[in-house]
Amino acid sequence: MTFDPKAATKEPPKKVVFRVKRYNPETGKTWWDEYEVETYRGMTVLDALLKIKEELDHTLVLRYSCRMGVCGSCGMIINGMPRLACQTQVAEVASEARPVVTVEPLKNHPVVRDLLTDFTAFFDKHRSVKPYTIRKNKEELETGDMEFLMTPEEHSELYEYTLCIACGLCYSACPVAASDERFLGPQALTYVWRYVADPRDEAWQERLEAVDTEEGPFSCHFAASCSAVCPKMVDPAAAIQRLRSALIKYRMGLYKKKKIARKAEPPKEFKERKPLPPEAKLVEGADLEALEKEPPEIPVDSLLS
Amino acid sequence: MGEERVKARALENRPGWIASINPWVLKIKNNPERVAFVLHRVTGVLMALIIMAHIFVTGTPARVGWEAWVEEISKAHGITAVTLYFFFFAGIAWFHGLNGIRLILTEFFGVCIGKPEKPKPPYLAPSLKACQRRLLYLVFALWAVLWVLTGYIVFG
Amino acid sequence: MPRKSVIQTWFQYVTGILLIFLLTWHLLVRVPWLRGVESFADTLAPELVYHEITAYGVLLLIFAYAALLHGFNGLKNVLLEWTSGRYKGLITAIIVILFFIFAGLATYTVVGVKPLG
């Protein structure tokens, strides 16, 4: 998902109407509710929903935790696009011309109530691909007395895929998962490629053979919606194409797995920890309360350049 | 006696097959690949159906004889059901074929999807700015040009 | 049951690569100025079509089989996806029967073509 670093500096419309899709699991009824919320600069959609819950409607149900785009709990469809509510500024999705934000639960996940979705099947698929390093010699992992060295090039091949927070946005955006409940989905398949590409993993053949089914990468048709909505720039679409291509090459006997080059022995002696440099400490005489009242302008342009 | 507790049930929230024919089930920004996916699927299913009619019709000289064939092609002048059939069949074949080249490159050979990179603003996934995206725009442009050219040949 | 990767490689990607060339040829033979005739309808004249069927019969048959394999396998995948794999046996059986019917018809079109009167 493209992220506008200046979005938090923009002023949203003073009042924004939130159209929220509700669901009652006891009656089986679905309906839309509208709430008018007073906004402020820097307000996220999650902030607005929590304000609705606190001040307007206590019955609104949603899931959230970290509020800073790390836990992946608050995925929902905002103005028709799967997003993390905590990472979406109201100023990004509402304008003076159209001060309305629609919020729906994630598609392709069963809805428990209102905006709360059930991730059981999603996590079952995640677990089914064994998302952990497998070594033939299990002691290597258990004793932890060595580390596996990777070159920066090898690391950059898979680093992007390790950033996944399992927020389920890609699965919600996938048009194949929309009809085929067997499909493993972008998240689980990205994890398969993340470990197949990892030179430290030794179960790559088993992994490739396990996904050589109708639920695997061949059900993907490269709509790339997963990559377009991913809040962590994981790029599941590319991972699945690489996995599929590797699987075809593997069956033709052309795929070569990069093996771990070296194992490093643990350091024999530990160095003393250095004290923090002076610039890491709080500036002397800084008035935190004054700064809170009048926050300084964020020099976004100079930070980005 | 208290009220009997109603059994709660989760709502199945999959759009189903409609997501295969409507790219705007979700309004995802910067995602023309989804439009291409829908077009590829629609043209593919249509071609699989039309190909049966095509094989049946082109079998006329063997099944019936050349007289029937001559009678059939006498309707291939101007805007008729026969020329419209050729025009639309060729049109959907152009898109499916051109986009198919792009998909063979990305799906089969695993190329044109960019290199993995470290996230940096504006956090755009590498596959969305790789050469497959430029190829996609080329597919749309060539499709339009070739379809117009097909119309010129068939109706001209 | 063959593996999914094997089915997709041969029925979808290899046929797909073949079809790119064969479809281009199949569409180009209907272009009047490449055949030295005046209009699109003239490219369908019995003499030209008979020559096409007799001289390039094998190529036409490879094209028909590749298109049917590619198309019906694609259709099967779409139907299985829409039904989440339910009725897999029924869908596969219908697709296989359809393939043999139309592959037979295509073969007869080339093999059984009547000479021009």
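Hi everyone, and thanks for coming. Please keep in mind as we go that the model is predicted.

Let's start with chain A. How many helices and strands does chain A have? Chain A has 12 helices and 9 strands. If you follow the C-alpha trace of chain A along its principal axes, it spans about 60 × 60 × 35 Å. Chain A holds 305 residues, and 43% of them are buried. Now think about contacts in chain A between residues at least 6 apart in sequence: 67% of those join residues at least 24 apart.

Let me show you two alanines in chain A. Take A:Ala166, in the loop between helix 5 (152–159) and helix 6 (169–173) of chain A. Its phi is near 55°, which is a positive value in a residue other than glycine.

You will find A:Ala224 in the loop between helix 8 (204–210) and helix 9 (225–229) of chain A. A:Ala224 is not a glycine, yet its phi is positive, about 60°. A:Ala224 has 33 other C-beta atoms within 10 Å, so it is buried.

On to where chain A meets chain B. Here 50 residues of chain A are in contact with 42 residues of chain B. Which elements of chain A supply at least two residues each to that side? They are strand 4 (81–84), strand 6 (111–113), helix 5, helix 9 and helix 10 (236–251). Helix 10 of chain A provides the largest share, 7 residues. Sorted by class, the side of chain A that touches chain B has 27 nonpolar, 14 polar and 9 charged residues.

While we are on chain B, let me point out a couple of spots. The peptide bond from B:Pro121 to B:Pro122 is cis, with omega near 5°. You can look for B:Pro122 in the loop between helix 5 (81–108) and helix 6 (126–129) of chain B. The other spot is B:Gly156, in the segment after helix 7 (131–155) of chain B. B:Gly156 has 10 other C-beta atoms within 10 Å, and therefore it is exposed. B:Gly156 and B:His77 are 79 residues apart along the chain, and their C-alpha atoms are separated by 8.6 Å.

Chain B also meets chain C. In this case 32 residues of chain C are in contact with 30 residues of chain B. Helix 1 (4–28), helix 3 (46–55), helix 4 (57–82) and helix 5 (88–111) of chain C are the elements that give two or more residues to that side of chain C. Which of them gives the most? Helix 4 of chain C does, with 9 residues. By class, the side of chain C that touches chain B has 25 nonpolar, 6 polar and 1 charged residues.

Let's finish with one residue in helix 4 of chain C, namely C:Ala64. C:Ala64 is buried, because 23 other C-beta atoms lie within 10 Å. Setting aside neighbours within four places in sequence, C:Ala64 is in contact with B:Ile55, C:Ala103 and C:Ala106. C:Ala64 and C:Phe21 are 43 residues apart in sequence and 13 Å apart in space, C-alpha to C-alpha.

Definitions and conventions. Residues are numbered from 1 along each chain as its sequence is written. Chains are lettered from A and ligands numbered from 1 in the order in which they are written. This is a predicted model: local features need pLDDT of at least 70, side-chain atom pairs count only at pLDDT 80 or more; totals for chains, interfaces and linings use all residues. Two residues are in contact if their C-beta atoms, placed from the backbone, lie within 7 Å. Helices (H or I, at least four residues) and strands (E, at least two) are DSSP runs, numbered from the N terminus. Ala, Val, Leu, Ile, Met, Phe, Trp, Tyr, Cys and Pro count as nonpolar, Asp, Glu, Lys and Arg as charged, and the others, Gly among them, as polar. A residue is buried if 20 or more other C-beta atoms lie within 10 Å of its own, exposed if 12 or fewer, and partly exposed in between; C-beta atoms are placed from the backbone.
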